[in-house]
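This report looks at selected parts of one protein structure. Please view the sequence and the model before reading on.

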Amino acid sequence: MGLLKYSLREEPLLVQDPNPSSPRWTLYRSKLFCGIYTAFLLAAAVLVPVSAQMLHALIKVKPNISAEDYHRLFLNMGRNDTIAQHLKVITKEPHVAGTPENFATADYVLSTFQKSGLDAHYTDYKVLLTYPLSRSLSLTLPQGEVIQLKLKEQEIESDPSTKNAKVIPTFHAYSPSADISAEVVFVNYGTEEDYSTLRDKGLDAKGAIVIAKYGRIFRGDIVDIAAGAGAVGVIIYSDPQDYGGNRTQGYYPDSRWLPPSGVQRGSIFGENGDPLTPGWPSLPDSERLSVDDPRTKLPTIPSIPISAEDATTIMKSFDGPIAPAEWHGALDLPAYRLGRGPSILNLHYKSNHTIAPIRDVFGLIKGSEEPNRYVLLGNHRDAWTFGACDPNGGTATLLEISQRLGKLLKQGWQPKRSILLCNWDAEEYALIGSTEWVEQNYDLLFSSAVAYLNVDEAVKGPGFMLQSTPQLDDFIQDIAKEVEDPDNPGKTIYESWASSSQDSRPSINRLGGGGSDYAPFVQHAGIPGTDFTFGEDFPAYHSLYDDYMWMAKYGDPLFHRHVALGAMWGLTALKLADAKVLPFNYATYADNLELYVDTLESQLSSANAPSFVSTNPLHKSISELRKAVLQIKKKAQELEALEDGSAELRSLNDHLVMAERAFTDADGLPGSPWYKHLVYGPSKINKYGTTAFPGISDLVALVAGDEANHSGDGWADVQHQIWRVSRAISRVALVIHGELS
């Protein structure tokens, strides 16, 4: 299939017809042909005396339309005006999980799925959510003066959304209530390395409130690390160096950058799912832990997010040593100092921890040949404020995809495998909606899910970006060769994507971090997955300014990136649903595993691991995997000539799907049993970080830093984790090989 374009409007809500050679004109000719064909049949019914049975048989005769033709029609149906309208509706009000406004968005999604002709339904859960009841932050100066900090984002006259009284105050979800007063210590980004630097300067965080910058690690890890260092509270701000264009390019609404009063809300809970039902679904009659049960792993010290404006006030009151040069940001300060004191920070926060309802919404298209095999497309709906970027650009695109699929259904199309569109709730709190659903349907998904295709922040700016499990790499790159880059007319997404990397090959990240709804599918259930987005960073993230106006001015003024993302997302689903042999290339997986072993060997060398720690088991199992891949490729070529639906093809595809499951282990990662994938999972010190072999790499770092155990049982545990991963890779090879040992 050659380069496929999609229809665009110069303004999202104005119609501008393409020229006669465009794909939309091709679609028009197709519809015209169908209309003439139907008219011919009706005329025949009037002019020729035939029986009703004969007429029915005649009408059943259709032009021979292939799956590829339907895929082309799907791409030609893309409409930026439709996506823009969906986004405008969904982002009209702020819609935090558990609120009436978010249930209204669920109704809108459900209604759109139904009107599109999908089999739509919803599933509700009752889960622990938190909301701020009261909060304040004040600074007591040495001479006794008290400065009350604002904790408020500034309204923008030209942006009516910023004046909406329903916007939730700035807070950190799951922070415990507290009233504390303490000196303040600056800890840079709050990483383990930053605390080590602090100790080298003769300072520590014991008994202090720490102030940290957003940016390097998950905010919940900032709080956990601070608690481990003895801090009594945490405040986190968005430094202009990272979120404000270094104070040189202006701020929203005059540029894309976060205003000085902007604040990043977010959750600080480090696990996935409802904290009260860890590992099992939150059904109405489920077992629930109490809030104070340590098994919930809820945060133990309070935290509040603040603006750069408030952070400047606090840090101007600092004494103490000047921070290392690399710690300095772009606040308007003479210098960044470490503290402590001499000022005292007074932090008050009162939280409402409450059981609240959430709603996941689904739209199903049943497959014609394998209805019990599912290709899943997912996006979450809840937002901390309006969510134009995070996540509702993805929601609007998902709805537009549902409408395209509905039009295909009316033209006689039906996928071979089922397609399920999923719209999750309460992702912002802890991936709750997707996690509860996966936990409830775990066994069915284990045997029936082909792949999970995620979109969270659909569009942040130009440039296509992909995260995926490796067996999907080649397949997604092939799709990218068929879709035009919205920012480079005449070039494919693939060409622009490849040219943006240093080695002229597309840069692909992995799904080891815990930042979105792919986590329960990939890291818990072992389902192949992807995550699509346009753009690299989003300075208004989780702030008051993530609204329709920001998106229409800076993220995607013509909504053409959303259309391109819909093309990539939808075409991936269609091809997976219709493929005779699933396009899973496990040779790419083996290549990546070898790279991870190389990295691990460097880590072991740097840690001065003893000689008995060996990666030979990993090399041996990867060799087994490569042999199995060669065998299944040969078998796939032999079976391509068979009719669709044959038992041999079904068996081959089952092996390709189930191979990813074999990377999981029932016991999960050390200390984190919910994470069952032994190759991809988050680091213990950064939930957002993608880590290969997390059970091994985290343990190596731990043992290397433990002088008392440097040559003892710790390294034996590292070797055990190496063997665990090796056995998982061997299981994958056995599944792909497809025969009992």
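## Cysteines

C422 counts as buried, at 0% relative accessibility. The model is a predicted one. C389 is buried as well, with a relative accessible area of 1%; the cut-off for buried is under 20%.

A disulfide is a covalent bond between the sulfur atoms of two cysteines. The structure holds zero disulfides.

## Helix α22

Helix α22 covers residues 694-704. Eight of its 11 residues are buried, so the helix is largely enclosed by the rest of the structure. The buried residues are P694, G695, I696, S697, D698, L699, V700 and V703.

## The strands β17 and β18

β17 and β18 run antiparallel and are joined by four bridges. Together they form a hairpin, with two residues between the strands. S683 stands opposite N686 in β18.

## The helices α19 and α23

The axes of α19 and α23 are 13 Å apart, and the two helices pack at an angle of about 170°. Angles over 145 degrees count as roughly antiparallel, so α19 is roughly antiparallel to α23.

On the α19 side, the contact involves Y586, L593, L600 and L604. These meet W715, V718, I722, I729 and I736 in α23. By class, this contact of α19 with α23 has nine nonpolar residues, no polar ones and no charged ones.

How values were computed:
Residues are numbered from 1 along each chain as its sequence is written. This is a predicted model: local features need pLDDT of at least 70, side-chain atom pairs count only at pLDDT 80 or more; totals for chains, interfaces and linings use all residues. Side-chain values use heavy atoms; hydrogens and water are left out. Buried means under 20% relative accessible area, exposed over 50%, partly exposed in between (1.4 Å probe, protein chains only). Two strands pair if DSSP finds at least two bridges between them. A disulfide is a pair of cysteine sulfur atoms within 2.5 Å. Axes are lines fitted to C-alpha atoms, for helices over the stretch in contact, and angles run from 0 to 180 degrees between N-to-C directions. Angles under 35 degrees count as roughly parallel, over 145 as roughly antiparallel, 65 to 115 as roughly perpendicular and the rest as oblique. Contact means heavy atoms within 4.5 Å. Ala, Val, Leu, Ile, Met, Phe, Trp, Tyr, Cys and Pro count as nonpolar, Asp, Glu, Lys and Arg as charged, and the others, Gly among them, as polar.
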